[in-house]
Amino acid sequence: MADTEYMRHALALAEQARAAGEVPVGAVVVKDGRVIGRGSNAPISRHDPSAHAEIRALCDAAEHLSNYRLVDCELFVTLEPCLMCAGAMMHARIARVVYGASDLKTGAAGSVLNVFAEPRLNHHTQVQGGVLAEECGAMLSNFFAQRRAQQKAR
């Protein structure tokens with residue numbers, strides 16, 4: 001399956017987050033061509049600042065494999081990972097992360113900083129950005145535009 005197909009799966013999860021009133025971010029973990037972990041943003045509903053889509057997908061994959069090390073796995077996420085999520089990916093030993101839209105405010109894969117490129121760290125994850133970036137970015141832009149319109153109407 002191509003990167004774009006996995007990203008479409010992540011976009012469907014982002015849509016679930018949006019429908020629940022969360023910032024629309026979705027993520028999947030893939031091993032040997034199979035999706036083994038899924039996550040959508042849920043920090044608001046779970047009252048949990050760590051309930052980002054990536055963290056939830058990592059936890060789901062770790063449970064699936066009965067191992068917190070996700071060696072030879074790839075993670076596809078609709079938004080560039082933040083520092084917390086990037087750190088979790090490295091601790092899990094994710095081989096490759098693929099993201100859609102860049103995050104110019106908190107992106108830790110090159111937009112604000114690039115923790116994945118830090119040579120002093122003991123694990124190095126490959127990074128590829130921009131897969132279905134327009135679709136991923138539009139979902140986020142539309143969500144925040146709608147939210148601003150609702151606040152203005154009050």
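**Exercise 1. H47**

Task: Classify H47 as buried or exposed in this predicted model, and say where H47 is found.

Solution. Start with the accessible area. H47 has a relative accessibility of 72%. The cut-off for exposed is over 50%. H47 therefore counts as exposed. Next, find its place. H47 lies in the loop between α2 (43-46) and α3. Last, look at the backbone. The phi of H47 is positive, about 55°, although H47 is not a glycine.

**Exercise 2. R93**

Task: Find which residue with a positive phi follows α4, then classify its accessibility.

Solution. The residue after α4 is R93. Its phi is near 70°, a positive value in a residue other than glycine. R93 sits in the loop between α4 and β4. Now take the accessibility. R93 has 21% relative accessibility. Buried requires under 20%, and exposed requires over 50%. R93 therefore counts as partly exposed.

**Exercise 3. T78**

Task: Decide whether T78 is buried or exposed, and list what T78 is in contact with.

Solution. Then check the area. The relative accessible area of T78 is 1%. Buried means under 20%, so T78 is buried. Now list the contacts, leaving aside neighbours within four places in sequence. T78 is in contact with M7, A10, L11, A14, P24, V25, G26, G100, A101 and C136.

**Exercise 4. α1 and α5**

Task: Describe how the axes of α1 and α5 cross, and state which residues make the contact.

Solution. Two packed helices are described by the angle between their axes and the distance between the axes. Take both values here. The axes of α1 and α5 cross at roughly 5° and come within 11 Å. An angle under 35 degrees counts as roughly parallel, so α1 is roughly parallel to α5. Now name the residues. From α1 come M7, R8, L11, A14, E15 and R18. From α5 come E135, C136, M139 and F143. By class, this contact has six nonpolar, no polar and four charged residues.

**Exercise 5. α3 and α4**

Task: Give the angle at which α3 and α4 pack, the hand of their crossing, and the residues that meet.

Solution. The angle is about 20°, and the axes are 9 Å apart. That makes α3 roughly parallel to α4. The crossing is left-handed. On the α3 side, the residues are E54, I55 and L58. On the α4 side, they are M84, C85, A88, M89 and A92. Sort this contact of α3 with α4 by class: seven nonpolar, no polar and one charged.

Continue with α4. Its buried residues are C85, A86, G87, M89, M90 and A92. These buried residues pack against α3, β3 and β4.

**Exercise 6. The largest nonpolar core**

Task: Name the residues that touch the most other members of the largest nonpolar core, then trace what F116 touches.

Solution. The core has 45 residues. Those touching the most other members are V29, L58, L70, L75, M89, I94 and F116. Next, see which elements supply the core. At least two residues each come from the helices α1 (3-19), α3 (53-65), α4 (83-92) and α5 (133-153). The strands β1 (26-31), β2 (34-40), β3 (73-79) and β4 (96-101) each supply at least two as well.

Finally, follow F116. Residues up to four places away in sequence are not counted. F116 touches A86, M89, M90, V97, A108, A109, H124, T125 and V127.

How values were computed: Residues numbered from 1 in each chain as written. Predicted model: local features only at pLDDT ≥ 70, side-chain atom pairs only at ≥ 80, totals over all residues. Heavy atoms only, no water. Core = buried A, V, L, I, M, F, W, Y, C linked by side-chain atoms within 4.5 Å. Buried < 20%, exposed > 50% of the residue type's maximum accessible area, 1.4 Å probe, protein only. Helix = DSSP H or I, 4+ residues; strand = E, 2+ residues; numbered from the N terminus. Contact = heavy atoms within 4.5 Å. Axes fitted to C-alpha atoms, helices over the stretch in contact; angles between N-to-C directions. Parallel < 35°, antiparallel > 145°, perpendicular 65-115°, else oblique. Left-handed = near helix turned anticlockwise from the far one by under 90°. Nonpolar A, V, L, I, M, F, W, Y, C, P; charged D, E, K, R; others polar.
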